[in-house]
Amino acid sequence: MYIEYLKLINYRNYEMLDLKLTKEVNIFIGDNAQGKTNILESVYLASLGKSHRTKRDKELIMWNQDAAYIQIYVCKERLNKKIDMKIFKHGTKGLNINSIKVNKLSELIGALNVVMFSPEDLKIVKESPVYRRKFLDIELCKLSKAYLHNLTQYKKALGERNAALKKIQNKELLDIYDMTLASFGIKIIKDRMQYIKNLNLYGKEMHRDITKNREEIEFKYISSLNDITEEELYKLFVKSRDRDMFNKSTNVGPHRDDFEILINETDTRIYGSQGQQRTAVLTIKFASLKVIKHITGEYPVLLLDDVLSELDSNRQRYILNSIKDVQTFITCTGISDIREHISGETKVFLVNKGHIDEIK
């Protein structure tokens, strides 16, 4: 899978952009705040239907314009895809795939898969469980419409149950919510646990390569609900009702789960050095590439947003030696330190105030 062509109109600081890309390595260089990340964001948006930087779509539209437009041609092994997305200032989106209008953003699943790697991803290792759950949910939603459906229904029921907890006095009225949460929750837990198994399958060997066999990484799903049935999960929601009514929130379920990242059997979040934490994120992201390839048969597009400058030369070299089969977008301020490590076809683009010129 690779992107052949990208077109933007009134997107962020791009009034008009037509970009022909190579299926190997595309490098965007320039000073900060010139629009390099906007290119990667538009690709991410066309893949998942939402930005990784903002929840407000109007921020994606050029100042004093009513709408922005993204068009992407995706070359695939089976059926090529043309994605047309229009973003309106009032908060809606229009979406066509191969010139056919679709009404749900979930139809984007599988049309264009991407893996984004940015400095903010360090939060997956360092911060609260919220970021690790978000990572799992995003990766699984890319791969499965069923998971997206289950997660959407679970979150809807969870929101309604939490709202009810603030109002009702009769805990039996929670029964319908508890049955719904158990039904969708058990599927979410099983899919997340399988994804963690896949991360271990590819990540362990990868981490040994990066660290030259000095470190062993392991991912462990953390939940009080492991090896539980739907009926048992329902009973846990029922058992928790008194506490939930007192706290006005739901205290059990996959929305409370987490996963550990262990290096040499030690919790990387608490005890890992900054270098170990960065390497753990690198392993997670590149293992995710392998998982997508394993499930879909094709590598996704890899988006590296200003991460090379954050890594030492050994880790830079590992990344650049690992992308030969993957279309890659790289943003950086200069290429003097990395070009010698890149093999294959490369295009370099100079980004300056929303204008892009290819450097021959």
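How many bridges pair strand β10 with β11, and in which sense? Strand β10 (residues 258–263) pairs with β11 over two bridges, in the antiparallel sense. The model is predicted: local features need pLDDT of at least 70, side-chain atom pairs count only at pLDDT 80 or more, and totals for chains, interfaces and linings use all residues. Residues are numbered from 1 along each chain as its sequence is written, and side-chain values use heavy atoms, with hydrogens and water left out.

**Terms**
- Helices (H or I, at least four residues) and strands (E, at least two) are DSSP runs numbered from the N terminus.
- Two strands count as paired if DSSP finds at least two bridges between them.

**Three-stranded sheet**
- The open, antiparallel sheet has the strand order β9-β10-β11.
- Strands β9 (217–222) and β11 (266–267) are at the edges with a single partner strand each, so one side of each lacks a neighbour in the sheet.
- Leu262 is opposite Asp267 in β11.
- Helix α5 (residues 175–210) lies across β9 and β10 and runs at about 170° to β9; contact means heavy atoms within 4.5 Å.
- Axes are lines fitted to C-alpha atoms, for helices over the stretch in contact, and angles run from 0 to 180 degrees between N-to-C directions.

**Six-stranded sheet**
- An open sheet with antiparallel pairing is formed by six strands in the order β2-β1-β4-β5-β6-β7.
- Its edge strands, β2 (14–20) and β7 (100–102), each pair on one side only.
- On average, neighbouring strands of this sheet are turned by 15° against each other, direction ignored.
- Six bridges join β1 (residues 2–11) to β2 in the antiparallel sense, and Tyr14 in β2 is the bridge partner of Tyr11.
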